[in-house]
Amino acid sequence: MNNLKYGFVGLGQMGGPMAENIARKGYNLSVFDKAGTNERAPKNTFAFDSINEIAGAVDILFLSLPDANASLEVVKKLATTNSCTTSLVIELSTIGVDAAKDAWQILNSSNITYIDAPVSGGQSGAKAGTITIMWAGPRNILEIHKKIMMSFCKNLFHVGNNAGQGQALKILNNFLSGTAMAATSEAVAFGLSQGLDMKTLLNVINVSTGQNTATSDKFPNRILTGSFDAGFKTSLLTKDMKLYLESARVSKTPIDIANAVMELWNGCNNSLPNSDFTEIYNFISRKN
C-alpha cells in the first residue's frame, strides 16, 4: 500500500460500488457526492462536504458522474481552487469525446493531469469488481497506478494517449450494446409471435451466430425472469447513444443504423421514464 491520498466524487449506481471496492482494499479514500455524502459514503472512507474540501485533501481524484455538465462543473472548480492538492484526475464517467478534450485542456492549464478512463460492465460489474476500464492517457501513469485501478476492475486497457479516445471507445461500445438490445427485442417479439418459447429460442441463439450480450445476459437474466434490473437507466443509455451519434456526425462516419436505433431509444425513454434499459423489450414488443 502506498501513502497517496485518494478521492472519489460521485457515489451513485456505479461510483458507489467502485469506491467501496477501493476502500475495501485498504486505500486511504475520501469521498464526496452532492446528493448526500454521509448517506452514500462506503465504510472506512472520509466524507467531505464540497469539491473544494476534497480537492485540498487528496492527491488523486476519481470522477464518476452522470454526464458532461456534472463532470465539467467539477473540473472547473478544481482548476480554480487555490488550496487544491490534487495532481491527477481520473475520469471514470461517460461524458463524450469533446467534453473529455475540454476537461483535459482546463486541467492542463492548472498543471493537473487528466486521464480519460470510462468504464463498462454495469452496476453488477461495479459491485463485483469486474468492470472494464478504457484508459486514454500516458501509459507510464497507468503503470504507476495500475494496482489501485485493478482494485475495482477486471480488465484494464490502455487504448490511447489522448483524452477523448477512451470516450470514443466507450460510446461506440454502448452504441453496439444498445443496438443489440433493440435488435434482439424485435427478434424475440417475432419469435414469440410464431409460437416459439423465449427460453428455447435464447438457448439456440446463444450457440448460434446471432449470439450477443443481450441474448446471453440481459434476456435470460433480466427479461425472461421479469426482473428488469440490469442497473443501468434507459436515460443513460439514451444519453450515450446521443453522444455516439453526435460524434459520428462530426467524424462524418456512417450513421444510418445509429439514426434508426436512436429513434427507438428516444421513444423508449419518453414512454418509460426512469426505467431500466432492459425495458426496451417491453417498449418494442408492445408497439404493435
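Axes here are lines fitted to C-alpha atoms, for helices over the stretch in contact, and angles between them run from 0 to 180 degrees between N-to-C directions. All views show a predicted model.

**View 1. Helix H4 packs against helix H5.** The axes of H4 and H5 (residues 97-108) lie 9 Å apart, at an angle of about 5°. Angles under 35 degrees count as roughly parallel, and H4 and H5 are therefore roughly parallel to each other. H4 contributes Ala-68, Leu-72, Val-75, Lys-76, Leu-78 and Ala-79 to the contact. H5 contributes Ala-99, Asp-102, Ala-103, Ile-106 and Leu-107. By class, the contact holds nine nonpolar and two charged residues, with no polar ones.

**View 2. Thr-86 sits in the loop between H4 and S5.** The loop runs between helix H4 (68-80) and strand S5 (88-91). Thr-86 has 4% relative accessibility. Buried means under 20%, so Thr-86 counts as buried. The Thr-86 side chain reaches the backbone oxygen of Ala-55 at 3.2 Å. Beyond its neighbours within four places in sequence, Thr-86 is in contact with Ala-55, Val-58, Asp-59, Leu-61 and Ile-112.

**View 3. Leu-92 lies in the loop between S5 and H5.** Leu-92 has a relative accessible area of 2% and is buried. Lys-34 is 58 residues from Leu-92 in sequence. In space, Lys-34 and Leu-92 are 17 Å apart, C-alpha to C-alpha.

**View 4. Helix H1 is mostly covered.** H1 spans residues 15-24, and eight of its 10 residues are buried. Those buried are Gly-15, Gly-16, Pro-17, Met-18, Ala-19, Asn-21, Ile-22 and Ala-23. Just after H1 comes Gly-26, with a positive phi of about 90°.

**View 5. Aromatic rings pair up in the structure.** There are eight aromatic pairs. One of them joins Trp-265 and Phe-277 in a stacked arrangement. Their ring centres are 6.2 Å apart, with 25° between the planes. The pair links distant parts of the chain, 12 residues apart. Trp-265 belongs to helix H13 (residues 256-271). Phe-277 lies in the loop between H13 and helix H14 (280-285). Both Trp-265 and Phe-277 are buried.

**View 6. Ring pairs link five named aromatics into a cluster: Tyr-6, Phe-8, Tyr-27, Phe-62 and Phe-152.**

**View 7. Asn-44 has a positive phi.** The value is near 65°, in a residue other than glycine. Asn-44 lies in the loop between helix H2 (37-40) and strand S3 (46-47). The relative accessible area of Asn-44 is 68%, over the 50% cut-off, so Asn-44 is exposed.

**View 8. Asn-111 also has a positive phi.** Here phi is near 60°, again in a residue other than glycine. Asn-111 is found in the loop between H5 and strand S6 (113-116). With a relative accessible area of 71%, Asn-111 is exposed.

Key:
Residues are numbered from 1 along each chain as its sequence is written. This is a predicted model: local features need pLDDT of at least 70, side-chain atom pairs count only at pLDDT 80 or more; totals for chains, interfaces and linings use all residues. Side-chain values use heavy atoms; hydrogens and water are left out. Helices (H or I, at least four residues) and strands (E, at least two) are DSSP runs, numbered from the N terminus. Buried means under 20% relative accessible area, exposed over 50%, partly exposed in between (1.4 Å probe, protein chains only). A polar contact is a pair of N or O atoms within 3.5 Å; within protein, one must be able to donate a hydrogen and the other to accept it, and residues adjacent in sequence count only if both atoms are side-chain atoms. Contact means heavy atoms within 4.5 Å. Angles under 35 degrees count as roughly parallel, over 145 as roughly antiparallel, 65 to 115 as roughly perpendicular and the rest as oblique. Ala, Val, Leu, Ile, Met, Phe, Trp, Tyr, Cys and Pro count as nonpolar, Asp, Glu, Lys and Arg as charged, and the others, Gly among them, as polar. Rings of Phe, Tyr and Trp (its six-membered ring) pair if their centres lie within 6.5 Å; planes under 30 degrees apart count as stacked, over 60 as edge-to-face and the rest as tilted.
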